[in-house]
Amino acid sequence: MLLLFTINIISSAQQNIKPNNSKGKEMNIKVQKTDREWKESLTPEQYQILREKGTERPFTGKYWNFDEKGIYRCAACGQVLFDSDTKFDAGCGWPSFSDVVNNKNVILKDDYSLGMHRIEVMCSNCGGHLGHVFDDGPKPTGQRFCINSASIEFEKKKDDVHK
Ligand SMILES: [Zn+2]
């Protein structure tokens, strides 16, 4: 009986091991709102993408073909996420970045939806869905953060912008 119990513990522990654990971080979301509150503070499109993990159609967002200098904040909570210095044209129809301003500002999570494995990018402050990150980006990071325009808000660069 004791042996059986021990085996059960071992097998359930193994099921909890995630192969990509280094890319997933513990969620510690500071901004918590109800669905109703989010619906009130976001546009319907922003809500569908940020809260329901939707994806805007390529070549339709406001930032895929946009190259002004500045920073991009989370459209839901205002946390700084990306810098225009790392923005590049990936030709995919979504704004693409080779890096984040600070790794702590995003959560990278395994996503097995649509029958494939991707890494989802979320805002670490509010849990909002931003897009996905792929490993076919330019050097030196080799990363391509493929982000929905609706999830981010551009702000022109000022000298005193605090990152
Ligand atoms: Zn956010």
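Guide: Two strands count as paired if DSSP finds at least two bridges between them. The model discussed here is a predicted one.

Visitor: Which residue in β2 stands opposite Arg73?

Guide: Strands β1 and β2 run antiparallel and are joined by three bridges. Pairing requires at least two bridges, so these strands qualify. In β2, the residue opposite Arg73 is Val80.

Visitor: Which glycine takes a positive phi in the hairpin of β1 and β2?

Guide: Five residues lie between the two strands of this hairpin. The residue with a positive phi, near 90°, is Gly78.

Visitor: Which strands stand at the edges of the open sheet of three strands?

Guide: The order in this antiparallel sheet is β2-β1-β9. Each edge strand has a single partner, so one side of each is left without a neighbour in the sheet; these strands are β2 and β9.

Visitor: What is the average twist from one strand to the next in the sheet ordered β2-β1-β9?

Guide: The sheet is open, with antiparallel pairing in the order β2-β1-β9. From one strand to the next, its twist averages 30°.

Visitor: Which residue in β9 stands opposite Tyr72?

Guide: β1 and β9 (residues 152-156) run antiparallel, joined by five bridges. Ile71 stands opposite Glu155 in β9. Tyr72, for its part, stands opposite Phe154.

Visitor: Which strands form the edges of the open sheet of six strands?

Guide: This sheet has antiparallel pairing and the order β3-β4-β8-β7-β6-β5. Within it, β4 (residues 96-97) pairs with β8 (residues 144-147) over two bridges, with Cys146 as the bridge partner of Ser96. The edge strands, each pairing on one side only, are β3 (87-88) and β5 (106-111).

Visitor: What is the bridge partner of Asp111 in β6?

Guide: β5 and β6 pair in the antiparallel sense over six bridges. They form a hairpin with six residues between them. In β6, the bridge partner of Asp111 is Arg118.

Visitor: Is Leu114 buried or exposed?

Guide: Leu114 is found in the loop between β5 and β6, and its phi is near 60°, a positive value in a residue other than glycine. Most residues other than glycine have a negative phi. Because Leu114 has 8 C-beta neighbours inside 10 Å, its class is exposed.

Visitor: How many residues make up the largest nonpolar core?

Guide: The members that touch the most others are Leu81, Val106, Val121, Cys123, Ile147 and Ile152. The elements that each supply at least two core residues include α3 (44-51), β5 and β8. Cys123 has contacts including Leu81, Val106 and Leu130. The number of residues in this core is 29.

Terms used: Residues are numbered from 1 along each chain as its sequence is written. This is a predicted model: local features need pLDDT of at least 70, side-chain atom pairs count only at pLDDT 80 or more; totals for chains, interfaces and linings use all residues. Helices (H or I, at least four residues) and strands (E, at least two) are DSSP runs, numbered from the N terminus. A nonpolar core is a set of buried Ala, Val, Leu, Ile, Met, Phe, Trp, Tyr and Cys residues joined through C-beta atoms within 7 Å. A residue is buried if 20 or more other C-beta atoms lie within 10 Å of its own, exposed if 12 or fewer, and partly exposed in between; C-beta atoms are placed from the backbone. Two residues are in contact if their C-beta atoms, placed from the backbone, lie within 7 Å. Axes are lines fitted to C-alpha atoms, for helices over the stretch in contact, and angles run from 0 to 180 degrees between N-to-C directions. Lists of a residue's contacts leave out its neighbours within four places in sequence.
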